[in-house]
Amino acid sequence: MSRVPNSRDKLSDLHAVRARALRGPGATASPTRCAGSRPTARERIGLLLDPGSFREVEQLRRHRATGFGMEANDPHTDGVITGWGSVEGRPVFVYAQDFRVFGGALGEAHAAKIHKVMDMALSAGAPLVALNDGAGARIQEGAGALAGYGGISRRNTRASGMIPQISVMLGLCAGGAAYSAALTDFVFMVRDTSQMFVAEPRVVKTVTGEEITRNGLGGADVHAETSGACHFVHDDEETCLAEVRHLLSMLPQNNRELPPSVPCDDPADRRSPSLAELVPADGRHPYDMAKVIEAIVDDGDCLEVHERWARNIICALARLDGQVVGIVANQPQTLAGVLDIAASEKAARFVQTCDAFSIPLVTLVDVPGFLPGIGQEHGGIIRHGAKLLYAYCNATVPRVSLILRKAYGGAYIVMDSRSIGADLAYAWPTNEIAVMGAEAAAGVVFRRRIAEAGDPEAMRARMVKEYRAELMHPYYAAERGLVDDIIAPAESRETLIRSLTMLHAKYADLPARKHGNPPQ
C-alpha cells in the first residue's frame, strides 16, 4: 500500500520545482550563458535591483501550445522572468527575457506574464524596466504570439506619461519588440551585444538586395548616432544597468509625484566666475556649452540624454540645490548651435518627458536660427521645428530660460522665450536678441543705400554698426519686457535656483480636451 504524501513531502516537491525553475533549461543553466558570455536573465535582475529585493510572479507558468514538438518542451517561466523589487529603496517592476528558453521569443503565456507585470506597475504607480533579449514572436504559436505584442504596445501607450518606462536592449530585439521599445521613455543598449531592427539583414537582402551586418543595420552605435532610437549606450551590461539605476534615482515614481530631492553640499549662492571666460563675447567664436552646464549645476554632475545624436543641442538631467531639473541647451561647438530636424525632435521629446514627470525646465539659449538648406526644407524642418514649439507651449512645469549670446529669429521664439510661456527669462550682458544677425539685417534693410554708396563695404560696415547699436544692444529686450533681468554670468546658478524655488509650487491647468494634435 503506497504512502499518502504528507505536508513535508508537498513542501519538498515545491522546493524541487522551484529549484528547476530557478536553474533554467537543463545543463545550459549556468551562471553565464556560456563561458565568457553575458549574464543570465536572473543575474541581470540582480544587477538592476537592490540585493534581495526581487519578488517573482508566475514563476511556474508554462505555455499550452501544441504541435511542432512544443508539448515536450514546456519549461517553467516560459522564457521571461517577471516581478518587482526596489532601486534605492523605491519600488520598481521588471521583466527580463531569458534567451535560453526558445531564444527569448514571445509566445502567448510569455506575453501574458509581461501584460500582468505591466498592469501591476501602472496600478502601483511605479516605474517599469524591460530587459529585452528576445528573437521576436514565437513562430510555433502563430498569430497568438503577434497578439501578445499588441497587448504590450497598448499597455506601453496607456502607461505613457504616467509611470517611467525604460527599455534595456541586452541582445537581439526584432519586429514588434522594437516598436514596444520605441514607445517607452528611455532606451539603453550595449555596444556589440544589442541589435534592434524591424527586419533582420537576411530579410533586407531578400527584399532590397542590400547586404549589411546586424550591428551595421541596428547596432547600438547606429541607433545612438544615426536613427536616434537609443538614448544611452554602454560597453558592458554591468555599467549599463548601473546607469539605469542612476536614471531611476532622478525620476519620480509616477506623474503624481515630484522627482526625488537629495541633500546638497554645493552652495545655492555659489558664484561661477569662470563662466565669463568660458563664453566668448564674440558670437562668431564657438565654445563648449557642456562646460557651462557643469559650472552651474550641483557638483558639475549631469546625465546627458541622447548624447551622441543631434549634438547641436544638449538635453540633460541634473540637479540644482538638490532638485532635479531638465536642461535644454544649444551647443555652439556643433553647427554653431543651430536648430535642425534632428535637434528639434530630440529637444521636443525631452521637453515632453520632463513635463510629463514634473521635472522643471531650464533652457540655455545661444541659437543663430534654424538650419537653412534644401535638404532641411524638403525633410520637413517646418513640421519638425513645430514639434519643439508645441512641446514648450504645452508644458506646465516651471520654465526658466537664460540667453547667453545669440537668440535670432524663429529659433529664439521656439527656445522657450517669454512669448511662448516661459515663467522667467534672463539674459547675460552678451545677449543679442534679434530677427537675424546684424550683418544679414543690414544687408536687407539698407540694401539700396549700400548699393548706391561710393564705397559699398564701408557703408555696409557703418550700417551694421548702426543696426547693432539701435536694435541689438544688450538692454533692448529688457527695456521692452522680453526678458526679466540682465544678470552677470557668475550669478547664473543662484538666479536659476532662486527662480525655481519660487516656482516650486506652480500650478497650471491645460484646456479641457481629449488631447492635443501635435505636429508629426
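# Reading the terms in a predicted model

Q: Helix H3 (residues 108–124) and helix H4 (residues 143–159) pack with their axes 9 Å apart at an angle of about 10°. Why are H3 and H4 called roughly parallel?

A: Angles under 35 degrees count as roughly parallel, over 145 as roughly antiparallel, 65 to 115 as roughly perpendicular and the rest as oblique. The angle between H3 and H4 is about 10°, so these helices are roughly parallel. Axes here are lines fitted to C-alpha atoms, for helices over the stretch in contact, and angles run from 0 to 180 degrees between N-to-C directions. This is a predicted model, in which local features need pLDDT of at least 70 and side-chain atom pairs need 80 or more, while totals for chains, interfaces and linings use all residues. Residues are numbered from 1 along each chain as its sequence is written, and side-chain values use heavy atoms, without hydrogens or water.

Q: Which residues of H3 and H4 meet?

A: Ala111, Ile114, His115, Met118, Asp119 and Leu122 in H3 meet residues of H4 that include Gly148, Ile152, Arg155 and Asn156 (contact means heavy atoms within 4.5 Å).

Q: Why do H12 and H14 count as roughly parallel?

A: Helix H12 (residues 341–356) and helix H14 (residues 381–394) have an angle of about 20° between them, and their axes are 8 Å apart. H12 and H14 are therefore roughly parallel. In H12, the residues that meet H14 include Ile341, Ala348 and Val351, and among their partners in H14 are Ile381, Leu388 and Ala391. Eight nonpolar, five polar and three charged residues form the contact of H12 with H14.

Q: Why is Gln165 called buried?

A: Buried means under 20% relative accessible area, exposed over 50%, and partly exposed in between (1.4 Å probe, protein chains only). Gln165 has 1% relative accessibility, so it counts as buried. Gln165 belongs to strand S5 (residues 165–174). Leaving aside neighbours within four places in sequence, its contacts include Met118, Arg155, Asn156 and Phe186.

Q: What makes the pair of Gln165 and Asn156 a polar contact?

A: A polar contact is a pair of N or O atoms within 3.5 Å; within protein, one must be able to donate a hydrogen and the other to accept it, and residues adjacent in sequence count only if both atoms are side-chain atoms. The side chains of Gln165 and Asn156 make such a contact at 2.9 Å.

Q: Is Asp192 buried or exposed, and why?

A: Asp192 has 62% relative accessibility and therefore counts as exposed. Asp192 sits in the loop between strand S6 (186–190) and strand S7 (195–197).

Q: What makes the phi values of Asp192 and Ser358 worth noting?

A: Most residues other than glycine have a negative phi. Asp192 is not a glycine, yet its phi is positive, about 65°. Ser358, also a residue other than glycine, has a positive phi near 55°. The place of Ser358 is the loop between H12 and strand S12 (361–367).

Q: Why is Ser272 called buried?

A: Ser272 is at 4% relative accessibility, so it counts as buried. Ser272 lies in the loop between helix H9 (237–248) and helix H10 (274–278). The C-alpha atoms of Ser272 and Ser492 are separated by 7.7 Å, although these residues are 220 residues apart along the chain.

Q: What share of the 520 residues in the protein is buried?

A: Buried residues make up 51%.

Methods:
Helix = DSSP H or I, 4+ residues; strand = E, 2+ residues; numbered from the N terminus. Nonpolar A, V, L, I, M, F, W, Y, C, P; charged D, E, K, R; others polar.
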